[in-house]
Amino acid sequence: MPRYTVHVRGEWLAVPCQTGTNTVRWLGKEAVRRYMKNKPDNGGFNSVEEVKFCVRRCKGLGLLDHDDTLEDTLEDNEFVEVVIEGDVASPDFILSKLEGIYLYSKYQEPEKYIYLDGRSLTTKDLVNLGKGLYKIKLTPEAEDKVRQSREVIEKIVKEQTVVYGITTGFGKFARTVIPTSKLKELQVNLVRSHSAGVGKPLSPERSRMLLALRINVLAKGYSGISLETLQQVIEAFNASCLPYIPEKGTVGASGDLAPLSHLALGLIGEGKMWSPKSGWADAKYVLQAHGLKPITLKPKEGLALINGTQMISSLGCEAVERASAIARQADIVAALTLEVLKGTTRAFDTDIHEVRAHRGQIEVAFRFRSLLDSDHHPSEIAESHRFCDRVQDAYTLRCCPQVHGVVNDTIAFVKDIITTEINSATDNPMVFAERGETISGGNFHGEYPAKVLDYLAIGVHELAAISERRIERLCNPSLSELPAFLVTEGGLNSGFMIAHCTAAALVSENKALCHPSSVDSLSTSAATEDHVSMGGWASRKALKVIEHVEQVLAIELLAACQGIEFLRPLRTTTPLEKVYDLVRSVVRPWLKDRFMAPDIEAAHRLLVEQKVWEVAEPYIEKYRREHIPESRPVSPTAFSLDSLRMNKCVGTDHSDQE
């Protein structure tokens with residue numbers, strides 16, 4: 001018998017259908033009838049017949065014709081919405097937001113797997129899991145460790161030993177012993193009461209990262225979760241059933257309790273959940289639509305799902321990967337600006353940087369040489385001012401290796417800490433199967449990721465700070481020898497005048513966002529948790545700072561390409577001409593004033609998707625091969641950690657090839 005899940009005025013209703021020949025109109029009326037039946041006042045209606053409505057799919061929001069049959073229009077278990085005429089939807093109603101359509105169109109169920117063992121996940125792996133590129137399986141070794149850990153918990157319950165969080169309450173209630181008959185209820189109550197977050201929900205991509213990271217930590221075998229329950233969590237991930245997780249509410253110790261509780265709440269079939277098939281709906285219906293059952297929590301399992309730093313760390317992984325991407329591309333954008341401003345490459349000479357041997361500085365100088373070396377890539381622009389009387393450039397050009405370099409080294413340092421964190425056990429109490437006991441500790445404290453993400457925000461911000469000054473030089477005719485604000489008929493046209501103001505505004509916002517959140521602490525849980533990391537805000541604002549950096553560099557990229565227009569017919573180096581061509585494939589030259597925001601967004605997308613790096617990287621690496629051993633990588637961490645795969649198959653299911 002076909003069955004449909006129908007949304008009416010905030011209510012989700014399961015509507016069975018005896019025959020597929022029933023029409024969409026019948027489904028709408030039946031859903032309204034059931035809605036009225038559940039309301040004391042019949043929902044404000046006298047009869048179903050007086051209700052006028054339209055019916056649309058939740059997936060894509062397409063309107064359905066009332067006369068079409070259900071078997072021709074809908075799939076079994078499909079989610080639809082009945083919109084009653086005259087109702088005004090709340091602007092906060094998630095189901096109807098436009099980004100939902102974007103997510104439906106982007107998601108494709110992956111066929112490849114990543115094997116998790118709790119100790120070899122990389123930041124890049126986690127971001128790819130967030131993008132939905134892989135499903136998850138456990139390694140056999142991880143499965144064994146999870147089983148052994150659970151045996152310890154079963155023994156504690158059987159012997160009625162008093163152990164925190166298993167047979168006692170939590171926080172201030174740690175001394176309250178719970179009767180054996182109520183141990184399962186204890187875990188459900190924990191999840192429900194701790195689901196107290198507020199604010200916008202995490203995007204499906206970020207929810208997917210958070211869920212994947214929690215699975216990785218549970219796979220270490222120190223949490224006491226049963227293998228059966230962990231496999232249910234993995235099944236939910238692989239079906240992309242993602243709970244509603246508000247972004248605010250964690251203080252970063254005892255772990256990210258509020259967001260992880262919302263994660264667990266969806267898995268037990270309560271609260272809201274998202275999947276590509278359903279959009280946002282009640283969790284129990286989303287799980288049911290995918291053939292999954294809500295998890296029934298056993299002793300310790302609620303605590304195992306919610307105790308740890310995975311919110312901070314998963315967002316931290318995204319921050320590190322995006323920071324790495326924009327830092328690489330910042331060198332390319334700055335090199336293009338230097339060409340437009342007719343700067344010199346003498347400041348990037350190898351010997352200068354070898355005597356101040358910071359890895360990041362050496363690498364950035366090398367990238368500039370690889371893009372600007374006139375012996376390797378002849379530049380007509382550089383040749384045009386070879387014999388000018390300028391001796392040296394402004395700091396924003398001359399000191400790029402020193403300023404961009406420390407950003408690269410900062411990212412490498414932060415990546416090392418975050419990589420350790422995402423492969424760490426962060427529960428309390430910890431279950432040590434080899435010792436047959438549990439030990440209470442403080443691994444849930446988020447100080448490590450909180451501190452380094454504050455540091456990351458401060459470091460990466462400098463890319464925007466120096467970029468904004470280069471934009472000023474491009475727009476200021478007294479500094480650039482180009483038309484004011486990079487446009488002809490100045491006065492009639494304003495050109496890049498306000499684009500520069502936007503860059504300045506973003507840099508100013510970053511100055512406030514770079515104030516470290518981890519210097520703050522407030523005592524919580526009746527002073528039992530009397531020092532906290534505030535890492536949740538550290539991770540969220542680091543991402544906001546990085547987004548601003550991307551946008552400022554997008555404006556500089558547009559401005560530099562516009563500057564090239566005024567130097568034609570002269571051409572720059574081959575790699576930079578390729579970058580120019582890439583930009584011109586999405587943004588046309590600025591001949592007169594037009595709507596600028598879409599141009600900035602188009603350039604921003606090029607940077608976020610690393611298209612600028614993809615164009616320039618082959619030239620950089622070719623230059624590297626031809627100039628070894630003069631070049632050194634930014635950091636061994638940045639190269640070795642991404643290439644290591646300890647006991648893990650990435651991208652292919654080898655389960656049948658043992």
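Guide: A helix here is a DSSP run of H or I with at least four residues, a strand is a run of E with at least two, and both are numbered from the N terminus. Ser254 sits in the loop between β10 (246–248) and α9 (257–267).

Visitor: What kind of model is this, and which atoms and residues count?

Guide: It is a predicted model, where local features need pLDDT of at least 70 and side-chain atom pairs count only at pLDDT 80 or more, while totals for chains, interfaces and linings use all residues. Residues are numbered from 1 along each chain as its sequence is written, and side-chain values use heavy atoms, with hydrogens and water left out.

Visitor: What marks the peptide bond from Ala253 to Ser254?

Guide: The bond is cis, with omega near 10°. Another cis bond runs from Arg568 to Pro569, with omega near 15°. Pro569 belongs to the loop between α21 and α22 (574–584).

Visitor: Why is Thr123 called buried?

Guide: Buried means under 20% relative accessible area, exposed means over 50%, and partly exposed lies in between (1.4 Å probe, protein chains only). Those areas come from the Shrake-Rupley method. Thr123 has 0% relative accessibility, so it counts as buried. Thr123 is part of helix α4 (residues 123–130).

Visitor: Which residues does Thr123 contact?

Guide: Contact means heavy atoms within 4.5 Å. Beyond its neighbours within four places in sequence, Thr123 is in contact with Cys317, Val320, Glu321, Lys415, Ile418, Thr419 and Ile422.

Visitor: What makes Lys415 and Glu321 a salt bridge?

Guide: The rule asks for a side-chain nitrogen of Lys or Arg within 4 Å of a carboxyl oxygen of Asp or Glu. Lys415 and Glu321 stand at 3.7 Å, N to O, and meet in a salt bridge. Lys415 lies in helix α17 (residues 400–422) and Glu321 in helix α12 (residues 310–340), so the pair ties together parts 94 residues apart in sequence. Opposite charges on side chains can pair when their charged atoms come close.

Visitor: How many salt bridges does the rule give?

Guide: The count comes to 38.

Visitor: What about Glu609 and Arg605?

Guide: Glu609 forms a salt bridge with Arg605, the closest N and O atoms being 3.5 Å apart. Glu609 has 39% relative accessible area, so it is partly exposed. Arg605 has 33%, so it is partly exposed as well. Elsewhere, salt bridges that share partners join Asp331, Glu363, Arg367, Glu621 and Arg624 into one network.

Visitor: Which residues form the patch of negative charge?

Guide: Patches take residues with over 30% relative accessible area and no salt bridge, joining like charges within 9 Å and nonpolar side chains (Val, Leu, Ile, Met, Phe, Trp, Tyr) within 5 Å. Asp and Glu count as negative, Lys and Arg as positive, and His and the chain ends are not counted. A charge is placed at NZ of Lys, CZ of Arg, CG of Asp or CD of Glu. Asp65, Asp68, Glu71 and Asp72 gather in this patch on the surface.

Visitor: Why is Asp72 called exposed?

Guide: Asp72 has 64% relative accessibility, so it counts as exposed. Asp72 is in helix α2 (residues 70–73).

Visitor: Where is Asp76, and what does it contact?

Guide: Asp76 is in the loop between α2 and β5 (79–84). Leaving aside neighbours within four places in sequence, Asp76 is in contact with Met1, Pro2, Arg3 and Lys277. Asp76 has 46% relative accessibility, so it counts as partly exposed.

Visitor: What makes Lys342 and Leu486 stand out?

Guide: Lys342 has phi near 55°, a positive value in a residue other than glycine. Leu486 has a positive phi of about 60°, although it is not a glycine. Lys342 has 24% relative accessibility, so it counts as partly exposed. Leu486 has 0%, so it counts as buried.

Terms used: Accessible areas come from the Shrake-Rupley method with a 1.4 Å probe; for residues, only the protein chains shown count as cover.
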